[in-house]
Amino acid sequence: MIVILGLFLILPIVMALWVSFSDWNGNGSPIGAHAHFVGLANYRHLLTEPGLDQNNFGTSLRNNVYYVLLVVPIQTAVSLFLAVIVNRRIRGVGFFRTAFYFPSVTSSVAITILFLFLFSPTGVINKLLSYLGASGPSWLYDPRGLFHVIAGQFGVSHPSVYLQSHLFLGVSYWEWLSGPSIAMCVFIIMAVFTTSGTFMLLFLAALQSIDDSINEAAALDGATEWRKFRYITVPMIRPMIFTVVTLGLIGTWQVFDQIYVGTKGSPLNTTLTPAFLSFNSSFNSNEWGVGAAIAFILFAIIVFFTVVTRFATRSPDHVPRRRRFGPTQPLGNPDASRVASAGPGRTP
């Protein structure tokens, strides 16, 4: 097992790390004479050197940040809501469990193509909106940011000089505040639709592990359904919440296949993601060092948010590992123990 993991997991990661520190262009071997060590040049090129590559990287991060911020909370809440519903003794519960889970086992490519038809300018979604007297946008071809569109409805359509002139990773503050593009909103809806069923099953398993007697005792004490959910259910499924949120973070930060099949980053790079940019830099631009650097920056981001999630979802009565085996106080009356330790005839 160690040999297999080392050959097919650890060794490729180490080689990719080496590529991120080299100028390999895809020709020959990455550990041969065709690759030269350049240190942190690829990372500096992305993070500190103004130019097209930095702008594309900053744009991809902005897009992915909004994707994560909207998908992870919504899919977690929807998954937990669905799990609570199907955990009840209702008629046809088996059908609903299957229906909710079905999108998760469908090919992501097939789901993406389906959503391309649904959200096309003459698709089903815009047709339904027309029945309500509304004119739907050109979803997959509209590069406008959602927050900019909303702000425009209140007369805010031009940024201040400060927001327009100041940049972070080659992207102005105004663009960072644009929100997800209308096109990216389609992928956000798609992600929630396709993953909620899978996470619902995880939550369902956690809910079914809670002893019914606990909820029955709370009901006898007069607890409402909301109080039972808040003070009993949520604390007892806290480890599963951490698992679901962590899996959601990993999946959303690594979104690739939907972008590749659907838009390839268009329109105007508003659906560009770091995973797709890494692929594009490597396979299409032959900048393998830059592509590998993007991948490891993305890896660091995922690890950071996983650690943050771990601390945010741990139990309030969690005891740090370094304190678990520290000195403890003797049981019983502490004064009696001090007298005993002082010996007969002596006052402690």
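The buried residues of helix 5 are covered by parts of the chain that include helix 4 (93–105), helix 10 (182–208) and helix 14 (257–262). Helices (H or I, at least four residues) and strands (E, at least two) are DSSP runs, numbered from the N terminus. The model is a predicted one, in which local features need pLDDT of at least 70 and side-chain atom pairs count only at pLDDT 80 or more, while totals for chains, interfaces and linings use all residues. Residues are numbered from 1 along each chain as its sequence is written, and side-chain values use heavy atoms, with hydrogens and water left out.

Helix 5 spans residues 108–118, and its buried residues are Ile111, Thr112 and Phe115. They cover an arc of only 100 degrees around the axis, which puts them on the same side of helix 5; the arc is that of the directions from the helix axis to the C-beta atoms. Buried here means under 20% relative accessible area, exposed means over 50%, and partly exposed is in between (1.4 Å probe, protein chains only). An α-helix has 3.6 residues a turn, so residues three or four places apart point the same way.

Helix 4 holds Phe100, a partly exposed residue at 26% relative accessibility. Apart from neighbours within four places in sequence, Phe100 is in contact (heavy atoms within 4.5 Å) with Leu82, Val86, Gly197 and Met200.

Salt bridges come next. A salt bridge is a side-chain nitrogen of Lys or Arg within 4 Å of a carboxyl oxygen of Asp or Glu, and the whole structure has three of them. In one, Arg62 pairs with Glu175, and the closest N and O atoms are 3.3 Å apart. This pair links distant parts of the chain, as Arg62 is in helix 3 (residues 52–86) and Glu175 in helix 9 (residues 173–176), 113 residues apart. Arg62 is buried at 7% relative accessible area, whereas Glu175 is partly exposed at 31%.

Asp142 and Arg144 form another salt bridge, with 2.8 Å between the closest N and O atoms. Asp142 is buried, at 10% relative accessible area, and Arg144 is partly exposed, at 45%. In the pair Lys228 and Glu225, the closest N and O atoms are 3.1 Å apart. Both residues lie in helix 12 (residues 225–236), three residues apart, or about one turn of the helix. Lys228 is buried at 11% relative accessible area, while Glu225 is exposed at 52%.

The loop between helix 14 and helix 15 (274–284) contains Pro267, which is joined to Ser266 by a cis peptide bond with omega of about 0 degrees. Thr270 is in the loop between helix 14 and helix 15 and is buried, at 6% relative accessibility. A polar atom of the Thr270 side chain lies 2.6 Å from the backbone oxygen of Pro267. Leaving aside neighbours within four places in sequence, the contacts of Thr270 are Arg62, Asn63, Pro143, Ser181, Met184 and Gly265. Among them is Arg62, the residue that forms a salt bridge with Glu175.

Two other loops hold non-glycine residues with positive phi. Leu169 has phi near 55 degrees and lies in the loop between strand 1 (167–168) and strand 2 (171–172). Leu169 is buried, with a relative accessible area of 11%. Asn286 has a phi of about 60 degrees and lies in the loop between helix 15 and helix 16 (288–313). Asn286 is partly exposed, at 42% relative accessibility.

Leu11 belongs to helix 1 (residues 2–20) and is partly exposed, with a relative accessible area of 41%.

How values were computed
Polar contact = N/O pair within 3.5 Å; in protein donor to acceptor, adjacent residues only side chain to side chain.
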